[in-house]
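Colleague: Could you take me through the salt bridges here, one by one, and say how accessible the partners are?

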Amino acid sequence: MTDHTDHTDHKWTTRPETPADRAAVHGVNTAAFPTRDEADLVDALRADPEAWLPELSYVAEAPDGSLAAYALLTRCRVDEAPALALAPVATVPAYQRQGAGLAVVRAVLDAARVRGEALVLVLGHPEYYPRFGFGPASRYGIRPGFEVPDEAMMALVLDDSVPVPTGLIRYPAAFGV
């Protein structure tokens with residue numbers, strides 16, 4: 001079992017998104033990325049009943065109550081087996097490198113584990129995500145349907161009592177892949 005103890009200072013309150021957070025979540029994603037693509041992706045995923053899992057859309061609050069960071073897990077599949085896709089993960093620039101992103105990713109992964117989810121996939125920075133236990137998805141025989149560096153497509157097994165599926169990742173339509 002990987003140690004998921006929160007080693008950050010405890011100034012971040014993490015919780016599931018509420019309907020009142022929608023505009024602020026859009027703002028976090030717009031502030032964190034150079035285009036609106038990620039913010040628009042969240043809106044499109046929210047409209048997809050097969051992908052959207054409301055209890056796995058997480059925010060981190062700054063000490064003043066504003067939203068500092070966001071992390072989303074949505075339903076995807078590896079061939080026919082259910083899995084989760086972690087995307088986007090966003091931190092408002094003023095709060096980057098202060099632990100807000102770490103806190104919100106740990107919180108959403110813990111929520112997925114409690115829900116009984118078995119597998120999370122992320123396409124991301126290979127220097128960042130291994131701290132949560134992610135490793136190359138290819139080691140499990142999992143691959144995306146598009147070209148990416150092997151080290152950037154990662155998987156995290158949340159429940160090792162469930163066989164890890166192999167095959168092609170099928171993302172929700174909103175991802176456009």
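Modeller: Happy to! Let's start at Arg 115, which counts as partly exposed at 35% relative accessibility (buried is under 20% relative accessible area, exposed over 50%, partly exposed in between; 1.4 Å probe, protein chains only). This is a predicted model, in which local features need pLDDT of at least 70 and side-chain atom pairs pLDDT 80 or more, while totals for chains, interfaces and linings use all residues. Residues are numbered from 1 along each chain as its sequence is written, and side-chain values use heavy atoms, without hydrogens and water.

Arg 115 forms a salt bridge with Glu 55, their closest N and O atoms being 2.0 Å apart (a side-chain nitrogen of Lys or Arg within 4 Å of a carboxyl oxygen of Asp or Glu). Arg 115 lies in helix α3 and Glu 55 in the loop between α2 and β2 (57-61), so the pair ties together parts 60 residues apart in sequence (helices, H or I of at least four residues, and strands, E of at least two, are DSSP runs numbered from the N terminus). Glu 55 is partly exposed too, at 33%. Both belong to a salt-bridge network that also includes Arg 75 and Glu 117.

The count for the model is 10 salt bridges. Another of them joins the side chains of Glu 17 and Arg 46 at 2.9 Å, N to O. Glu 17 sits in the loop between β1 (13-16) and α1, Arg 46 in helix α2, 29 residues apart.

Lastly, Asp 40 and Arg 36 meet at 3.4 Å, N to O. Asp 40 is partly exposed at 34%, as is Arg 36 at 47%.
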